[in-house]
Amino acid sequence: MTTAPKLSFDVQLSDHARTAAEREQVLASPGFGQIFTDHMISVDYTEGVGWHDARLMPYGPLSLDPATSVFHYAQELFEGLKAYRQVNGSIVSFRPFANAGRFNRSALRMAMPELPEDVFVESLELLVQTDRDWVPTTEGHSLYLRPFMIATQAGLGVNYPSRNYKYMVIASPAASYFSGGVSPVSVWLSTEYTRAAPGGTGFAKCGGNYAAAFVAQRQAVAQGCDQVVWLDAIEHRYVEEMGGMNLFFVYGDRLLTPALTGTLLPGITRESVLTLATELGLKPEEGRLSIEEWQAGCESGELTEVFACGTAAVITPVGSVKGADRAWTVGDGTPGPVTLKLREELVGIQYGARPDTHDWIHKIC
Ligand code: PLP
Ligand code: COI
């Protein structure tokens, strides 16, 4: 943990914030990650000094030297979480300290400085409090928060990591990540490309993982599928995760999810689903599943449901699977009862319709 002195945020409010009417127009149909609120957070890091210049400021472009390290060597990482307007009117986030912890585990892997967890959470609180009117009131909508960090030292040398960094948070009102809402998605098995190999960066939320994934996602779309499913790097047989979500396989009351072997992202939704599943009388298990087992399970009827989960995607059923030499349907292709029950529980806690017995909800205002 970095031992920087307690940071205090300097607040500079925008003098060109959108009007209430302009904001309402955006909130009527927010999409995902297209429009951003009026403010943003910026905190700088200098080797030997630590974190400094913490600011809330008007949202706007950055000016960076073309030789800045992040442009060349992709020393970058990010997080994703949401602010929800609960049924009682308060605005909350879901397990923000879990995101703070993952941010720092990603930072260690990318040779970047850790950010004190309380600064991470305070930065979210300040941005959401300032832009609270941007938190949607429509059921199922939320304010997506995107903390990230970039290497800002200018220079092309690769003999040492950047000595300067910038941490930022931006926020964007969000509807459903998939335009179909809770309708099942179709997935493409990527046997040609690899997302992550043992010893690599699979468990870190770094931009490079996503850059290397676009070619496979484009292939998935060309095959008529919504999302790519990543398989293990060695045999391209064992299921790991999706482009921005973890996967769960339902065998009656047994729930199987790929184990965290270092090559997939340890999703906070995944971990929450594992906890909720036990409480709902299901038997969750972390293990390994091959694409042959996935297909055979669906064909025999033993594997009844498959769903993906993540902050952006919440819990989304998987309805059909396609690969280079195979294709099949999961169940009857419609959302199953276990998927819908888990979704209802999770969303219920996030929006305050269900009691928060795990202390997952962090009140912001
Ligand atoms: N896997 C990948 C590759 C992701 O990008 C995400 C989204 O953050 C997840 C899984 C799900 O993680 P979480 O539930 O923490 O959002
Ligand atoms: C999230 O769920 O927060 C993600 O980061 C997924 C995707 C938008 C990258």
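In the predicted model, a polar side-chain atom of Lys205 is placed 2.8 Å from an oxygen atom of ligand 2. Tyr144 also contributes through its side chain, in which an N or O atom lies 2.7 Å from an oxygen atom of the ligand. At Ala312 the backbone takes part: one of its N or O atoms is found 2.8 Å from an oxygen atom of ligand 2. Considered alone, ligand 2 exposes 280 Å², of which 89% is buried by the protein.

The surroundings of ligand 2 comprise Phe32, Phe78, Gly80, Tyr144, Arg146, Tyr177, Lys205, Tyr210, Gly244, Thr311 and Ala312. Sorted by class, this shell consists of six nonpolar, three polar and two charged residues. The space that ligand 2 takes up is the largest pocket.

The position of the ligand can be related to the division of the protein into domains. Domain 1 covers residues 10-174, and domain 2 covers residues 185-351. Each of the two domains supplies at least three residues to the shell around ligand 2. The centres of domain 1 and domain 2, taken over C-alpha atoms, are separated by 27 Å. The domains also touch each other directly, with 26 residues of domain 1 in contact with 22 residues of domain 2.

Terms used: Residues are numbered from 1 along each chain as its sequence is written. Chains are lettered from A and ligands numbered from 1 in the order in which they are written. This is a predicted model: local features need pLDDT of at least 70, side-chain atom pairs count only at pLDDT 80 or more; totals for chains, interfaces and linings use all residues. Side-chain values use heavy atoms; hydrogens and water are left out. A residue is near a molecule or strand if one of its heavy atoms lies within 4 Å of it. A polar contact is a pair of N or O atoms within 3.5 Å; within protein, one must be able to donate a hydrogen and the other to accept it, and residues adjacent in sequence count only if both atoms are side-chain atoms. Accessible areas come from the Shrake-Rupley method with a 1.4 Å probe; for residues, only the protein chains shown count as cover. On a 1 Å grid over the protein atoms alone, a cavity is a set of points where a 1.4 Å probe fits but cannot get out, and a pocket is an open set with protein on both sides within 12 Å along at least five of seven lines; lining residues have an atom within 4 Å of a point. A molecule sits in a cavity or pocket if more than half of its atoms lie within 2 Å of its grid points. Ala, Val, Leu, Ile, Met, Phe, Trp, Tyr, Cys and Pro count as nonpolar, Asp, Glu, Lys and Arg as charged, and the others, Gly among them, as polar. Domain bounds come from an automatic or database domain assignment. Contact means heavy atoms within 4.5 Å.
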